[in-house]
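Okay, everyone, thanks for coming.

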2 protein chains.
Amino acid sequence: MAMGLSRADWTEAALDALAQDGLGAVAIDPLARRLGATKGSFYWHFANRDELIAAVLERWEQRDTIELVAEIDKIEDPRERLVGLARIALGQAARGADAQAGVLAAASDPRVAPALARVTTTRLAVLERLYRDVGVEPEAAERHARLTYAIYVGMSDLHRAVPQAALRSAADLEADIELMVDMLVPAASGA
Amino acid sequence: MAMGLSRADWTEAALDALAQDGLGAVAIDPLARRLGATKGSFYWHFANRDELIAAVLERWEQRDTIELVAEIDKIEDPRERLVGLARIALGQAARGADAQAGVLAAASDPRVAPALARVTTTRLAVLERLYRDVGVEPEAAERHARLTYAIYVGMSDLHRAVPQAALRSAADLEADIELMVDMLVPAASGA
DNA sequence: ACCTGAACACCGTTCAAGT
DNA sequence: ACCTGAACACCGTTCAAGT
């Protein structure tokens, strides 16, 4: 069953594994079992595990940064754009569909570091632009971007760290988004 | 060389490995080589790898939560206590001495989840108390605590994600601490 | 009491062989 | 073109044997 696996199939399964159980779970043998194939099949599509890791990071960068930013930029109103970003990003984090934590844990891994630095820099630049669009002074926008991004990453981690606690419900997710939006919008309307 | 290894020696080395390269690096063979011992030696001190993981998480909880809170509580002035906490926590994160990211990446691992939930809950409770001590209303204190903690975790991750960028210098660390303190103190003096 | 060294199971990797 | 299956190196684990 599941004949004719593509490189994309392996990569997608690996991205799931990364989000759920970290880089160590991006492992050929378990993925092969999960996909109903042999390890030998994997080596038709990839030279080795490193190439799979590279592909999975590229896919992550594409989906959770490039495509996400394109989505956000469809929103006309600058203020709504910030709120929309908060909603998408935190929603994704709460669903556990975010590979961010998995990538961060492997931050010092030389295969991971370049992609992580690139993604982080891009995201900070995007946020900075969104803040400028909403009327924040250039220097303040840079600090706002850093603080906002820290809050996003931190909130993601909180949801992962205390999944059984109050944070979990949809109402609480709404509350967290509002906290973040409160954080964003007054700051934006202020300076 | 390095004869007579203790359980604590193995645990300390494992905590280093966890902070630097994640849970996967808490591995017997590499640690044995690093400590100049054989794998057989490890199994005198521990039943198995899981027991080492439990020990390392316990040590992390002790050092980066229990002892840290005790340290903070020595500070008399409530406002200074918040600033002091920010300074210690971010300083540690910037030195890469923080196992937080490594633990978070393995958040879904059943060996890790209980310790992580316990630590997170404790830290949020401590922060909430610090905010109440500084005069914040109870309900606001809980939200302030969550937001502040998210900022701390997020800032830690930023430092890990973009180590080569501007964030790295001591001056920038100071700036980040001030950002966080600005975040804390006006909020505290406010409500 | 504390450690070594050899043994075996698991996952990364290779490769000859199949369809 | 795409995959299997057997082979071998690495790390977790066991255990008899050493000091």
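**Charged pairs, a helix and an interface**

Let's start with one residue: Arg132(A) counts as partly exposed, because its relative accessibility is 39%. In these terms, buried means under 20% relative accessible area, exposed means over 50%, and partly exposed is in between, using a 1.4 Å probe and protein chains only.

Quick housekeeping: this is a predicted model, where local features need pLDDT of at least 70 and side-chain atom pairs count only at pLDDT 80 or more, while totals for chains, interfaces and linings use all residues. Residues are numbered from 1 along each chain as its sequence is written, chains are lettered from A and ligands numbered from 1 in the order in which they are written, and side-chain values use heavy atoms, with hydrogens and water left out.

Back to Arg132(A). Its side chain meets that of Glu128(A) in a salt bridge, 3.4 Å from N to O. A salt bridge here is a side-chain nitrogen of Lys or Arg within 4 Å of a carboxyl oxygen of Asp or Glu. The general idea is that side chains of opposite charge can pair when their charged atoms come close. Helices, by the way, are DSSP runs of H or I with at least four residues, strands are runs of E with at least two, and both are numbered from the N terminus.

There's another pair in chain A: Asp29(A) and Arg33(A), with their closest N and O atoms 2.5 Å apart. They're separated by about one helical turn, because they are 4 residues apart in helix α2. Asp29(A) is partly exposed at 29%, whereas Arg33(A) is exposed at 61%.

So what does Asp29(B) form a salt bridge with? With Lys39(B), at 3.7 Å between the closest N and O atoms. Asp29(B) is in helix α2 and Lys39(B) in helix α3 of chain B, so this pair ties together parts that are 10 residues apart in sequence.

There's also a network of salt bridges linking Glu12(A), Arg59(A) and Glu67(A). Over all chains, a search of the whole structure finds 30 salt bridges.

Now zoom out to chain A. Its secondary structure is 9 helices and 0 strands, and 52% of its 191 residues are buried.

Over in chain B, have a look at α4(B). With 24 residues at 1.5 Å a residue, this helix should span 34 Å, and its end C-alpha atoms are 33 Å apart, which agrees. That expected span is 1.5 Å times one less than the number of residues. α4(B) bends by about 30 degrees at Gln62(B), where the bend is the angle between axes fitted to the seven residues ending there and the seven starting there. Its buried residues include Leu52(B), Trp60(B) and Ile72(B).

Last stop, where the chains meet. 34 residues of chain A are in contact with 34 residues of chain B, contact meaning heavy atoms within 4.5 Å. How many salt bridges are there between chain A and chain B? The count is 0. Among the helices of chain A that each supply at least two residues to the side touching chain B are α1 and α7. The largest share of that side, 13 residues, comes from α8(A).
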